[in-house]
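Subject: Structure handover

Hello,

Here is the structure I promised. My notes follow below it.

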Amino acid sequence: PRLDTHDRANTRAPEFVTHAPTVITCYSLFDRFFPACGLLDYTEGVYHNDPTVSYEQAQRNQVNYVLDQVECGPGTRILEIGCGNGTLLDEVKRRGAHGIGVTISPEQVRLCRKRGLDVRCLDYKLLDDPFVGRFDAVVANGPIEHFVQPEEAARGLTDAIYEQMFGIFRRAIDPRSPVRKFINTTIHFLRPPEPRALLTSPWRHKRGGDDWHWAWLARAFGGFYPVLGQFENCAAGKFRLLHTVDGTYDYHLTSEEWLRRIRGVLPTWKGLKILASSVPNACRSPRQTFDMLMCMLGSESWNWQFRGPNPPTCLLRQTWSAV
């Protein structure tokens with residue numbers, strides 16, 4: 001199937017897209033540091049409420065859960081949006097299925113291709129004819145947090161962006177497929193901030209307050225989360241929600257392990273070598289490098305969002321069926 005003129009226009013990046021520079025830089029810095037610390041994946045594991053489960057096993061559990069939800073087996077055609085360093089696509093391949101990944105990170109594309117994976121350097125908003133009606137399922141395992149920026153949220157564009165997103169993913173699915181599934185793992189706001197507060201310096205907010213942490217997160221990683229129920233409204237007429245699993249505690253355990261491992265590596269010779277290899281990237285983006293280090297290791301804003309009995313966010317794994 002091909003797109004008519006109206007649909008083709010709707011798949012193109014609208015004028016309000018602003019996320020790419022911050023997000024690309026974020027992952028360029030991540031991919032210099034995290035894999036060298038033994039951290040290849042940037043999503044939550046699945047611990048089954050057992051904190052004694054190893055980090056590596058939890059990551060395997062998460063990948064298997066996601067692929068089981070979309071019935072990935074021999075011959076299944078999977079499109080992964082924001083494929084990261086290819087762990088999920090590797091499992092797709094092992095299952096005898098066919099996977100294609102897209103990411104806006106050139107570093108991730110190079111790493112995935114070295115692993116023999118079919119990955120394209122492409123913004124999901126630019127998926128065109130070759131991606132239309134070609135897949136049994138679409139997977140978005142953690143990237144959607146980057147799809148809306150605070151500037152766009154302040155302009156009231158979040159619903160428009162998510163509606164467009166669901167339309168693009170729906171068009172990628174083969175209407176003749178017996179599977180026709182979509183799964184996302186996405187952080188949601190439980191205490192939504194005022195978007196404009198994220199556009200100001202963290203130092204303008206009360207140290208340790210919500211806006212202090214939100215501003216560090218926005219400067220370091222780029223992004224603005226959806227709120228509960230927003231996806232269901234924006235997916236109407238395209239996907240039907242089958243079920244939701246709360247993985248907030250899983251992301252808490254994962255994030256604390258990231259912090260533990262990074263802090264364990266930094267004061268060693270290996271850590272110094274990693275930092276030295278990151279210097280060219282840091283010189284290209286000194287402010288964002290500082291913001292990321294502060295967010296991860298100083299303010300610990302990344303971990304803050306999942307901590308405590310009433311964290312400000314939740315991580316939802318949502319499985320959908322195309323309509």
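Which residue in E2 is the bridge partner of Glu80? The partner is Gly101. Strands here are DSSP runs of E with at least two residues, helices are runs of H or I with at least four, and both are numbered from the N terminus.

This is a predicted model: local features need pLDDT of at least 70, side-chain atom pairs count only at pLDDT 80 or more, and totals for chains, interfaces and linings use all residues. Residues are numbered from 1 along each chain as its sequence is written, and side-chain values use heavy atoms, with hydrogens and water left out.

First, the sheet. Strands E1 (residues 77-81) and E2 (residues 98-103) run parallel, joined by 5 bridges.

Next, the pocket. A pocket is an open set of points on a 1 Å grid over the protein atoms alone, where a 1.4 Å probe fits, with protein on both sides within 12 Å along at least five of seven lines; lining residues have an atom within 4 Å of a point. Of the 15 lining residues, Leu29, Phe33, Leu275, Thr289 and Leu293 are the closest to the centre. H13 gives the most to this lining, with 5 residues.

Best wishes

Terms used
Pairing = 2+ DSSP bridges.
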